[in-house]
Amino acid sequence: MLSRPLLFAVLLLTPPTVRAEVTLSGFMQQNTAFNTVAANPDGRHYKWQEERAQIKLDATEGDWRLLAKGDLAYDHLGRQDESELREGYIDYTSGNWDLRLGRQIITWGLGDLVFVNDFFPKDHEALFSGRPLEYLKRGVDALKLGAYPEFASFELVLTPNFRDSRIPDANRFRLYDPMSTVVNRETVKPEQGDVALRAYRDIAGFDAALYLYRGFQRTPSMRPDNMTAPTRITYFYPKLAIYGASLSGRAGDGVLSLEAAYYDSPDDRAGNDFTVPNSQTRLLVGYQIQPLEDVSLGFQYYAEAMHNYGAYLAALPAGFPPDKRWSHTVTARLTQFYLHQTLRLSAYASYNASNGDHFMNPELRYSFTDKLWGAVGANLFGGNPWGQFGQLARDDNAYLQVRYEF
Amino acid sequence: MKHGWIWIIAALLPLQAQAFSGGELMKQSQAAFLYPGKDFKARVVMKLINKDGHERVREMTMLRKNSGETGGNQKYFMYFFQPADVKDMTFMIHKYPAKDDDRWMFIPAISMVKRIAAQDKRSSFVGSDFTYEDVSGRDIEDDNHVIEREEKVGNRDCYVIKSTPKGADSDFGYKFTWVDKANFLPLREAQYDKKGVHYKQFTADEITDIKGVPTAIRRTMKNLQTGHRTEAAYLKTDYDLGIEDSLFSERFLRQPPRKWVE
């Protein structure tokens, strides 16, 4: 929404506020991901190939702060020049309240690549294309109000314009499409925004939080104009309300994380509209330990339970693959540091026991100097042909990231 | 008459000190080294230097607040400036003398606060030769402490205390600490492995008075086996700044206040 000229205007106008403390920093980056199994649907051999520069401006004066992070990139796979305001906001901080206005990246909840109470938009394409982790999240143009009375802390996020999650590009990834012959497609975005609230406090040494969300599904559903002879498909974002809670704290030698949320689907409470996701319950149990120096192990169990499963099955048209009532996923992550924490090995694996879907992301990252680092890794997918990861089974890729920071 | 009393007290003082047990001395030393002031702030620049002389720099603001009495609970807040890939990262420790710390980390890249497992206080602090314990203290009760001898470090008179871990699971065999008789600061520490090989050496390289508190503003930890060492400079050290308790919270982990971290 905020364009490159505006970002530069912000950068140019800031120095005159002489008394402010201003820091400028940024990076230059090369990022390439190439296919290891098969070419893209568009015939190319790369999932990602770009040079990118980021400038970050951080200015503080008294209770005010301005932060702007802007990217310029050149994409070699057809998108050409890309520019993006990653974040750009103003903070005002008072004694027991504060506000943040502008484009901001917000992460709530406790999951590691599993999202129960993180309602904010993601970039799934970035995750699957071997981009640095920070590109997993997309900013929202929002007003965030924080209130911190003695008994608890509260954050309210008001987003006037809904922003969706980015799904992988169909030119680069094989996405399961039950109606692939229909070429006439349109996307309808919600005209309203959304609201998210988080309240948190310490309870007996545990971090406890409650979450509320009222808005829309971040990824679209598809609706054909006619079931028997479809000529047009409309992508739309069904309404969504979420009621969640989380708890995390020390247990034994590690850290235990618990999350639960009820996903209410107001457009299909009865569950008999197959184009709209049914209401759901999501549960997450996570445990992280540090068995040895510079070694960390994390395990998660994540479950999704579909409500009104009978109505869903009854409404599902013939030929559409049914989802299971329960979806059980386990994940594991190993992180190990070497050479005074300048070399990091990490490996993430996820396996869905209900449909066989799996995803692996091993990565090796080395800091050549304090300013230059590089990473090599791979994204390996498999499982059910219409599952989240199974549909990408032939999209396995290996990636390289090199970044110089200044 | 007055003078007479002072002379008598002065004459008794060395005897009093002699009467300290090793454990009491280590407590005094910890109080002088890790607890002075109600709160503390320093800009810590750590140079990680390998045996070939190659340097890496870790730079952070470190804030500490004592919850109650000396030897009791403490809270630490750290904000990282360098290296560039961890800039703006913050880190919080709630430290309890007799049980494991609580630790939280804010990862700016994904704007996420994570609680992290921390049962291993002997692990490296930000990749340096210092461990978490070296930075924020080791539980006195974990070791048996015996005064071995008295010795000078430079021109300072010191007690040399031998500390041997009570538990068998410790990663070191024993250590010697040279504690300054006058101000109780540890001036040198030598760690030995279970075979009795001296493998790590700490030195307080420069001591200065800040608000009347003798403070080690330059420290080195050297790994004698690898030749790797870390030199830590505690710049702009200050005490009793009136750091609010509320700083040590998720709110400020996500938005570290400039007035404290700069």
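# Briefing on chains A and B

In chain A, three strands build an open sheet of mixed pairing, ordered β8-β12-β11. The edge positions of this sheet belong to β8 (185–188) and β11 (221–224) of chain A, each of which has a single partner strand, so one side of each is left without a neighbour in the sheet. The model is predicted.

- Four bridges join β8(A) to β12 (residues 233–236) of chain A, and the two strands run in the parallel sense.
- Within β12(A), Ile233(A) is the residue that stands opposite Arg185(A).

**Backbone geometry**

- Most residues other than glycine have a negative phi, and most peptide bonds are trans.
- Leu339(A), which is not a glycine, has a positive phi near 50 degrees.
- Leu339(A) lies in the loop between β17 (326–338) and β18 (343–352) of chain A, and it counts as partly exposed because it has 13 C-beta neighbours inside 10 Å.
- His340(A) also has a positive phi, of about 55 degrees, without being a glycine.
- The loop between β17 and β18 of chain A holds His340(A), and this residue counts as buried because it has 20 C-beta neighbours inside 10 Å, where the cut-off for burial is 20 or more.
- In chain B, the peptide bond that leads from Gln82(B) to Pro83(B) is cis, its omega being near 0 degrees.
- Pro83(B) is located in the loop that connects β3 (74–82) and β4 (90–96) of chain B.

**Overall build of chain B**

- Chain B contains five helices and 13 strands.
- The radius of gyration of chain B is 19 Å, close to the 18 Å that the globule rule gives for 262 residues, so chain B is as compact as a globular protein of that length.
- Taken along the principal axes, the box filled by the C-alpha atoms of chain B is roughly 65 × 50 × 35 Å.
- Of the 262 residues in chain B, 36% are buried.
- Among the contacts in chain B with a separation of 6 or more, 43% are between residues 24 or more positions apart.

**Nonpolar cores**

- In soluble globular proteins, nonpolar side chains tend to be buried together.
- The largest nonpolar core comprises 34 residues, and Met78(B) and Met92(B) have the most contacts inside it.
- β3(B) gives the most to this core, contributing six residues.
- Neighbours within four places in sequence aside, the contacts of Met78(B) are Met60(B), Thr61(B), Met62(B), Thr90(B) and Phe91(B).
- Another core, of 21 residues, lies apart from the largest one, and its members include Ile106(A), Val140(A), Val157(A) and Leu240(A).

**Contact between chains A and B**

- On the two sides of the contact, 28 residues of chain B meet 35 residues of chain A.
- Each of β2 (55–66), β5 (99–107) and β6 (112–116) of chain B supplies at least two residues of the side of chain B that touches chain A.
- The largest share of that side, three residues, comes from β6(B).
- By class, the side of chain B that touches chain A consists of twelve nonpolar, seven polar and nine charged residues.

Notes. Residues are numbered from 1 along each chain as its sequence is written. Chains are lettered from A and ligands numbered from 1 in the order in which they are written. This is a predicted model: local features need pLDDT of at least 70, side-chain atom pairs count only at pLDDT 80 or more; totals for chains, interfaces and linings use all residues. Two residues are in contact if their C-beta atoms, placed from the backbone, lie within 7 Å. Ala, Val, Leu, Ile, Met, Phe, Trp, Tyr, Cys and Pro count as nonpolar, Asp, Glu, Lys and Arg as charged, and the others, Gly among them, as polar. A residue is buried if 20 or more other C-beta atoms lie within 10 Å of its own, exposed if 12 or fewer, and partly exposed in between; C-beta atoms are placed from the backbone. Two strands pair if DSSP finds at least two bridges between them. The radius of gyration is taken over C-alpha atoms; the globule rule is 2.2 Å times the number of residues to the power 0.38. A nonpolar core is a set of buried Ala, Val, Leu, Ile, Met, Phe, Trp, Tyr and Cys residues joined through C-beta atoms within 7 Å.
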